[in-house]
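Me: I have a model open and would like to go through the labels on it one at a time. Could you help me see what stands behind each of them?

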Amino acid sequence: MIEHKEVTIIHFSKKIIEPIPEEQTSIWTCTSEGCSCWMRDDFSFGEQPVCPICSSVMTSEIRLLPVLSNGAKKGFQ
C-alpha cells in the first residue's frame, strides 16, 4: 500500500523591494460624476482634451504618480 503525504513548500525571498520613484504630475480628470477616467498631460493629444470614455469636459489637476517618461514630448515633431 502506497501512502501519499501532502507536502507544502514555502519560499521566503530576501530580495529588497526598492520603492518606485514618484513625482508631482499634471493630469486631466473627467468632470462627469459617474466617470473615473483620467490621463497624464504628457500622454494627451489636445490642449483641452475631451474624456475618451464619456466625452465630457476634463479639468487639469496635479497628482503624485510613479515616474514615466514619454519619448514623444508635446511640441516636438
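Predicted model: local features only at pLDDT ≥ 70, side-chain atom pairs only at ≥ 80, totals over all residues.

Me: Let's begin with the overall layout: how many helices and strands does the chain have?

Reply: The chain has zero helices and three strands. Read along the sequence, that gives the pattern β-β-β.

Me: What makes these strands a sheet, and in which order do they lie?

Reply: They form an open sheet in the order E2-E1-E3, with antiparallel pairing. Two strands count as a pair if there are at least two bridges between them. Strand E1, residues 22-30, is joined to E2 by three bridges, and E1 and E3 share nine.

Me: Could you give me an example of each pairing?

Me: Why are E2 and E3 called edge strands?

Reply: Strand E2 (38-40) and strand E3 (58-66) each pair on one side only. Neighbouring strands of the sheet are turned by 35° against each other on average, ignoring direction.

Me: Now threonine 29: how do you know whether it is buried or exposed?

Reply: The threshold for buried is under 20% relative accessible area. Threonine 29 has 13%, so it counts as buried. This residue is found in strand E1, and its contacts beyond four places in sequence include Cys37, Trp38, Val57 and Arg63.

Me: What makes the pair of threonine 29 and glutamate 61 a polar contact?

Reply: A pair of N or O atoms has to lie within 3.5 Å. The side chains of threonine 29 and glutamate 61 are joined at 3.4 Å, so the distance passes that cut-off.

Me: And arginine 40: why is it labelled buried or exposed?

Reply: Its relative accessible area is 12%, which is under 20%, so arginine 40 is buried. Arginine 40 lies in strand E2. Outside the four places on either side in sequence, arginine 40 touches Thr25, Ser26, Ile27, Leu65, Pro66 and Leu68. Its side chain also reaches the backbone oxygen of proline 66 at 2.8 Å.

Me: How far apart are arginine 40 and threonine 29?

Reply: They are eleven residues apart in sequence and 8.9 Å apart in space, C-alpha to C-alpha.

Me: How many disulfides does the chain have by this rule?

Reply: The count is zero. Cysteine 37 is in no disulfide, and the nearest cysteine sulfur, in cysteine 51, is 4.0 Å away. For cysteine 51, the closest cysteine sulfur belongs to cysteine 54, at 3.7 Å. A disulfide needs sulfur atoms within 2.5 Å, so that distance is too far for a bond.

Me: Which label do cysteine 37 and cysteine 51 get, buried or exposed?

Reply: Cysteine 37 has a relative accessible area of 14% and is buried. Cysteine 51 is at 3%, so this residue counts as buried too.

Me: How do things look for the chain as a whole?

Reply: Of its 77 residues, 21% count as buried. The accessible surface comes to about 7,200 Å², and 57% of this belongs to carbon and sulfur atoms. Among contacts with a separation of 6 or more, 59% are between residues 24 or more positions apart.

Key. Residues numbered from 1 in each chain as written. Heavy atoms only, no water. Helix = DSSP H or I, 4+ residues; strand = E, 2+ residues; numbered from the N terminus. Axes fitted to C-alpha atoms, helices over the stretch in contact; angles between N-to-C directions. Buried < 20%, exposed > 50% of the residue type's maximum accessible area, 1.4 Å probe, protein only. Polar contact = N/O pair within 3.5 Å; in protein donor to acceptor, adjacent residues only side chain to side chain. Contact = heavy atoms within 4.5 Å. Areas by Shrake-Rupley, 256 points an atom, 1.4 Å probe, with all protein chains shown as cover.
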